[in-house]
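Here is a short briefing for your next look at this model. Keep the viewer open and follow along, topic by topic.

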Amino acid sequence: MSDLILRAEKLDRSFGGIHAVAGVDLDIRRGSLHAVIGPNGSGKTTLFNLITGHTRPGAGRVAFDGHDITGMPYHKVARRGLAKSYQITTVFPLLTVFENVRIAAQSAAHSYVFWRPADGIRPVTAHTERVLERIGLAESRGVIAGNLSHGDQRRLDLAIALATSPRLLLLDEPTAGMSPSDTAATVELIHELNRDVTILMTEHKMDVILSVADTITVLHQGVVLFEGGPDEVKSHPKVQEVYLTGTV
Ligand SMILES: Nc1ncnc2c1ncn2[C@@H]1O[C@H](COP(=O)(O)OP(=O)(O)OP(=O)(O)O)[C@@H](O)[C@H]1O
Ligand SMILES: [Mg+2]
């Protein structure tokens, strides 16, 4: 088995005259907690969408676990074990926390669940319980999702992604809009999840990145500016320049 769980080569995507992602190479090591950082509009979300199949690349290739997934739609990519934590728009706000996670777990389960409900449903329910426990939402299982606090709604996003038992989890700004205490709790959770799941994340809070990531790719205007460990990134003059002045 290769050391790399994901390999993106020369990924490219323009929107009209905007070259959002311009020939990006990205290798993700199995087990790593890899962060993509960069100023607003540097192409982080577009890069993630190219990897997950939410956006078709203009050029380039993506291989997940040795299989070419370039241009494959997300539902197929997800079945192979790659999940993206959505913004709360995909949470069903009128359903309970438990139902939201169960639906995700069931969608990822094999079709036998529908054939043999007596055998199939129970594992899905048990898996749902485990995910809720792990994410710290077990006590909120009966709460209507739309009534959760902002922090808990973001945690529910994570639970929904985790319910599909991914091998690679993509998190796009998982602590966005969170209070300092919710941020700290989420960082701890991400660290914990990384024991079993390879994680690729974006984040604007530098302190969060430097405390969790083992590898950091710095994007600037759709191009990889630098890649290295937290200490190298912190002390890299070009990176400092981009963050301080927005230019290189
Ligand atoms: N669907 C789209 N249509 C047109 N332009 C787009 C589209 N998606 C992204 N862009 C543009 O591509 C560039 C990169 O955007 P992207 O959202 O990938 O950046 P980002 O690094 O995620 O930014 P942020 O830190 O603000 O989330 C921006 O100039 C953006 O305006
Ligand atoms: Mg973004």
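A search of the whole structure, which is a predicted model, finds 1 cavity of 30 Å³ or more. The space in the largest cavity comes to about 50 Å³.

**The cavity**

- The residues that line the largest cavity are Ser85, Arg154, Asp157, Leu158, Leu171, Asp172, Glu173 and Pro174.
- Sorted by class, this lining has 4 charged, 3 nonpolar and 1 polar residues.
- Helix α6 (150-163) and strand β7 (168-172) each contribute at least two residues to the lining of the largest cavity, and the largest share, 3 residues, comes from α6.

**The ligand and its surroundings**

- There are 13 residues around ligand 1, and the ones that come nearest are Asn40, Gly41, Lys44, Thr46 and His204.
- His204 has a polar side-chain atom 2.7 Å from an oxygen atom of ligand 1.
- Ser42 takes part through its backbone, with an N or O atom 3.2 Å from an oxygen atom of ligand 1.
- On its own, ligand 1 has 630 Å² of accessible area, and the protein covers 60% of that.
- Strand β2 (18-29) and helix α1 (44-52) each supply at least two residues of the shell around ligand 1, with α1 giving the largest share, 3 residues.
- By class, the shell around ligand 1 holds 7 polar, 4 nonpolar and 2 charged residues.

**Two backbone angles to look at**

- Most residues other than glycine have a negative phi.
- Lys10 has a positive phi, near 50°, and this residue is found in strand β1 (residues 4-15).

Definitions and conventions
Residues are numbered from 1 along each chain as its sequence is written. Chains are lettered from A and ligands numbered from 1 in the order in which they are written. This is a predicted model: local features need pLDDT of at least 70, side-chain atom pairs count only at pLDDT 80 or more; totals for chains, interfaces and linings use all residues. Side-chain values use heavy atoms; hydrogens and water are left out. On a 1 Å grid over the protein atoms alone, a cavity is a set of points where a 1.4 Å probe fits but cannot get out, and a pocket is an open set with protein on both sides within 12 Å along at least five of seven lines; lining residues have an atom within 4 Å of a point. Grid points are joined across faces, edges and corners, and a volume is the space filled by probe spheres set on the points. Helices (H or I, at least four residues) and strands (E, at least two) are DSSP runs, numbered from the N terminus. Ala, Val, Leu, Ile, Met, Phe, Trp, Tyr, Cys and Pro count as nonpolar, Asp, Glu, Lys and Arg as charged, and the others, Gly among them, as polar. A residue is near a molecule or strand if one of its heavy atoms lies within 4 Å of it. A polar contact is a pair of N or O atoms within 3.5 Å; within protein, one must be able to donate a hydrogen and the other to accept it, and residues adjacent in sequence count only if both atoms are side-chain atoms. Accessible areas come from the Shrake-Rupley method with a 1.4 Å probe; for residues, only the protein chains shown count as cover.
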